[in-house]
Amino acid sequence: MFWEKDRETMDRKELENLQVELLRENIEYAYNNVPFYRKRFDEYGITKESIRSIEDIRKLPFTTKNDFRDNYPFGLLARPMKEIVRIHSSSGTTGKPTVVAYTKKDLKTWADLVARIAKAAGVTDEDVVQIAFGYGLFTGGFGLHYGLENIGAAIIPASSGNTKRQIMLMEDYGATVLVCTPSYALYIAEVAEKLGKDPKKDLKLRIGMFGAEPWSEQMRKKIEESLDIKAYDNYGLSEIIGPGVAGECEMQNGMHISEDHFIAEVINPETEEPVKPGEYGELVITTLTKEALPVFRYRTRDITKLDYTPCSCGRTSVRMSKPIGRTDDMLIIRGVNVFPSQIEEVLFNIEGVSPHYQIVVDRKGALDTVTVLVEANANLFFDEMKKQKQLLDKINDELKTTLGIDVDVKLVEPNSIERSEGKAKRIIDKRKF
Amino acid sequence: MDLNKYKIPQISVFIENKKGRFYNTTRVLKEAGVNIRAMSLADTMDFGILRFVVDKPEKAYEALMDNHFIVKMNDVIAVAIKDECGGLAELLKTISDLDLNIEYMYTFVNNMDNKAVMLFKFEDIDEAIEKLLKAGAELLDEDYFKRI
């Protein structure tokens, strides 16, 4: 199902022409309205004439989270407060909050973008949607709310927290769609079971729209099984607009990016050059239609890959894979980018591997070495050396295939990997640079 | 004839190649009042597999499990051979002729006169017991390790 079919199925050549045209206008618009961009563009000698083709976007400098902080709170806004109708911001736990703002037109755009991902996931005006995202400064709650209202669904604005009440509301009001983080969806299922309910029968849920945190395919399966729903991923970030930047269609095979509003690039975060098509790298987004807060080449720090092959749903837009990590936790081993989440995925797919592992990076001479410590258990221990070696070789081979580098897997005794409350310490980097 | 009596329970323990690990294992057995009859260590750079034949296998297994070791129990065969030049070669020739596949083997120090005892892990233990008995090999039964 589509929300704006003409736009969503636009011919790619036409789409590219539109992007170039909008980018040129946007450069001029930002230059005239945001002193920060005027200065930047002057430094780099950028005018709208610099853009002749879509590749010319690479001439533009990047924008980072630090630029938002340096211009706190309203330095990046292109419209006066008179025209601003909404302000959202991050929690600011890692420094000054990131502030974003919207004009009336921006809110309309946002509601249409979210309507697209809701339709793509199969939500209709017949649905009753429970939104268990926090309503507040965080863009998740309001973003999904207005988008779903836009398509005519009945919304239960439950907001976050109070899981028992969430379950009661879902059951009594007959919610058919659940909006929250994937981990909260699993938690809801667990609590419902503890309350003696069968979430598959007692709840009428059929669709889940989950986002705001990374999740794996295994987690999707688990959620779909425990709630008997189809679980769809969506992607967004407040610096760009909030949720609605990209979302999965019913194929569940990558998230369609609304390219008539955004230009997506994937770069090598080190060299800042584009990666080869289909390779993982950092997602960089440029807005094309934002009024209050135009952003050029924003470094999302999310690691994903782009798939331009046509999707059988009919949408012509590029699809981004589930982000596999953040540039912040990326390791560079012998020049190859490695994400702890890739290692975790390989380990968890091997029968019997315990969830306790640690990645140790060291340097011997000029060569980086990676050792993956895995806690042994009865499933991984064989009395025969031959079988023991076979298992270790299997793990080694699969890691090599996935990562493209040699790693050394070591079985260690149970409980020998340090436990920590909260976030586990997965990586020990002993290299000295 | 009950061939199962020739299956000697063996305890295998996973140990990391780290100082004190070997000692810890034997300490647990000592505290459990278990006597080690035979022992072997297969080691690699990173880890080792410690194998024991003991007088009280169940007790040893439980004590090690309680102390969070990774333990497996499995069966081996004990064969007595002449303690003289060529004794082992003769047995190995028999095994080879019988087409039996040895996973690993180790020796057992004992007080039998003029006899040496070898412990074998075969790919197929039932087949090995049957064929070896037929070939006239002297197999020791489980009780032997409890008696001494």
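Chain A and chain B meet through 13 residues from chain A and 12 residues from chain B. On the chain A side, strand β20 (residues 408-412) gives the largest share, three residues. By type, the chain A residues that touch chain B split into seven nonpolar, two polar and four charged. Keep in mind as you read on that this is a predicted model.

**Helix α6 of chain A**

Let's look inside chain A next. Helix α6 of chain A covers residues 139-150, and its 12 residues should span 16 Å at 1.5 Å a residue; the end C-alpha atoms are 16 Å apart, so the two values agree. Is this helix enclosed or open? It is largely enclosed by the rest of the structure, because 10 of the 12 residues of α6(A) are buried. Going along the helix, the buried ones are Thr139(A), Gly140(A), Gly141(A), Phe142(A), Gly143(A), Leu144(A), His145(A), Gly147(A), Leu148(A) and Asn150(A). Among the elements of chain A that cover them are the strands β1 (84-89), β3 (128-131), β4 (154-156), β5 (177-180) and β8 (242-248), along with helix α5 (104-120). Just after α6(A) comes Gly152(A), with a positive phi of about 95°.

**Two helices side by side**

Packed helices get described by the angle between their axes and the distance between those axes. In chain A, helix α8 (residues 182-194) packs against helix α10 (residues 217-227) at an angle of about 35°, and their axes are 10 Å apart. The crossing of α8(A) and α10(A) is left-handed. From α8(A), the residues Pro182(A), Ala185(A), Leu186(A) and Ala189(A) meet Met219(A), Lys222(A), Ile223(A), Ser226(A) and Leu227(A) of α10(A). That contact is made up of seven nonpolar residues, one polar and one charged.

Nonpolar side chains tend to be buried together in soluble globular proteins. Here, the largest nonpolar core holds 84 residues, and those touching the most other members are Val114(A), Ala118(A), Val179(A), Ala185(A), Val245(A) and Ala264(A). Helix α5(A) supplies the largest share of this core, eight residues. What does Ala118(A) touch, once residues up to four places away in sequence are left out? The list is Val123(A), Gly147(A), Leu148(A), Ile151(A) and Met209(A).

**Two residues up close**

Ile54(A) sits in the loop between α3 (35-44) and α4 (65-70) of chain A, whereas Ala30(A) belongs to helix α2 (residues 12-33) of chain A. Buried or partly exposed? With 15 C-beta neighbours inside 10 Å, Ile54(A) counts as partly exposed. Ala30(A) is buried, with 23 other C-beta atoms within 10 Å; the cut-off for buried is 20 or more.

Beyond four places in sequence, Ile54(A) is in contact with Glu16(A), Gln19(A) and Val20(A).

| Residue pair | Apart along the chain | C-alpha separation |
|---|---|---|
| Ile54(A) and Ile263(A) | 209 residues | 8.9 Å |
| Ala30(A) and Leu76(A) | 46 residues | 9.3 Å |

Note on methods: Residues are numbered from 1 along each chain as its sequence is written. Chains are lettered from A and ligands numbered from 1 in the order in which they are written. This is a predicted model: local features need pLDDT of at least 70, side-chain atom pairs count only at pLDDT 80 or more; totals for chains, interfaces and linings use all residues. Two residues are in contact if their C-beta atoms, placed from the backbone, lie within 7 Å. Helices (H or I, at least four residues) and strands (E, at least two) are DSSP runs, numbered from the N terminus. Ala, Val, Leu, Ile, Met, Phe, Trp, Tyr, Cys and Pro count as nonpolar, Asp, Glu, Lys and Arg as charged, and the others, Gly among them, as polar. The expected span of a helix is 1.5 Å times one less than its number of residues. Axes are lines fitted to C-alpha atoms, for helices over the stretch in contact, and angles run from 0 to 180 degrees between N-to-C directions. A crossing is left-handed if the near helix is turned anticlockwise from the far one by less than a right angle, and right-handed if clockwise. A nonpolar core is a set of buried Ala, Val, Leu, Ile, Met, Phe, Trp, Tyr and Cys residues joined through C-beta atoms within 7 Å.
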